[in-house]
Amino acid sequence: MFSKSCEYGLRAIIFIAQQSAQDIKVSLSTISSAIDSPQAFTAKVLQQLTRKDIVKSIKGPYGGFVIEDFKMNTIKLSDVVKVLDGDSIFTSCGLGLKECNDKSPCPLHFQFIEVRNKLKSMLNNTTLLMLVNDMNIDTFFLKR
């Protein structure tokens, strides 16, 4: 459902949030390794998230990527998805048709509306802090 850049972005933001909760700034190479993503691709994704003020990039030998504490409970997964993929996941046809609506539905239209609404709800209601707290249980993985 998500583009590759969005998948990497979500994994990166969750990893950065987890490290930031422990007051650790993480380098691009550390992030790429931790989420098993190409470094150049990850850099472009993080650049977009930095421009939208979701992630903070600190330059210098003691720099790295970080998410400020006060943002952990306000940044939602939907914020990341909107930056990287736009809102088409919430509005587009499940089969990729240009024209799909209640009057001219594709075969999946009405079932996909349910899926899309549940996805939207989950993304809108999940903050980084919630995920970081869940990850402290050590049962979740960001790479395989």
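These are my notebook entries on a predicted model of a protein chain.

**Entry 1: ground rules**

I number residues from 1 along each chain, in the order the sequence is written. Because this is a predicted model, local features need pLDDT of at least 70 and side-chain atom pairs count only at pLDDT 80 or more, while totals for chains, interfaces and linings use all residues; side-chain values use heavy atoms, with hydrogens and water left out.

**Entry 2: the whole chain**

I started with the secondary structure and got seven helices and two strands. My helices (H or I, at least four residues) and strands (E, at least two) are DSSP runs, numbered from the N terminus. Read from the N terminus on, the order is α-α-α-β-β-α-α-α-α.

Next I looked up the extent: the C-alpha trace spans about 60 × 30 × 30 Å along its principal axes. The chain has 144 residues, and 38% of them count as buried. For me, buried means under 20% relative accessible area, exposed means over 50%, and partly exposed is in between (1.4 Å probe, protein chains only).

I also checked contacts, meaning heavy atoms within 4.5 Å. Taking the contacts with a separation of 6 or more, 66% are between residues 24 or more positions apart.

**Entry 3: helix α1**

I looked at α1, which covers residues 4-20. Its 17 residues reach 24 Å from the first C-alpha to the last, close to the 24 Å expected at 1.5 Å a residue. The expected span is 1.5 Å times one less than the number of residues. How many of its residues are buried? I got 14 of the 17, so I noted α1 as mostly covered.

Then I went to α6, residues 109-125. This helix has 17 residues and a reach of 24 Å, close to the expected 24 Å. Its buried residues include His-109, Phe-112, Arg-116, Leu-119 and Leu-123.

The buried residues of α6 pack against α4 (77-85) and α5 (88-91).

I picked out Leu-119, which is in α6. Leu-119 counts as buried, at 12% relative accessibility. Leaving out residues up to four places away in sequence, Leu-119 touches Met-1, Phe-2 and Ile-89. I also took a distance to Gly-9, 110 residues apart from Leu-119 along the chain: their C-alpha atoms are separated by 17 Å.

**Entry 4: where α4 crosses α6**

At what angle do the axes of α4 and α6 cross? I got roughly 110°, and the axes come within 5 Å. My axes are lines fitted to C-alpha atoms, for helices over the stretch in contact, and angles run from 0 to 180 degrees between N-to-C directions. The two helices are therefore roughly perpendicular to each other. That label covers 65 to 115 degrees; under 35 counts as roughly parallel, over 145 as roughly antiparallel, and the rest as oblique.

The contact is made by Leu-77, Ser-78 and Val-81 of α4, with Met-122, Leu-123 and Asn-124 of α6. Sorted by class, I have four nonpolar, two polar and no charged residues. Ala, Val, Leu, Ile, Met, Phe, Trp, Tyr, Cys and Pro count as nonpolar; Asp, Glu, Lys and Arg as charged; and the others, Gly among them, as polar.

**Entry 5: two residues of α4**

Ser-78 lies in α4 and is buried, with a relative accessible area of 2%. Not counting residues up to four places away, Ser-78 touches Leu-123 and Asn-124.

Asp-79 is also in α4, and I have it as partly exposed at 29% relative accessibility. Apart from neighbours within four places in sequence, Asp-79 is in contact with Ile-54 and Thr-74. The C-alpha atoms of Asp-79 and Thr-127, 48 residues apart along the chain, are separated by 9.5 Å.

**Entry 6: positive phi values**

I noted Asp-36 for its positive phi of about 55°, although it is not a glycine. Asp-36 sits in the loop between α2 (28-35) and α3 (39-51) and is exposed, with a relative accessible area of 51%.

Asp-53 has a positive phi too, near 65°, and is a residue other than glycine. I found Asp-53 in the loop between α3 and β1 (56-58). Is Asp-53 exposed or partly exposed? Asp-53 is partly exposed, at 49% relative accessible area.
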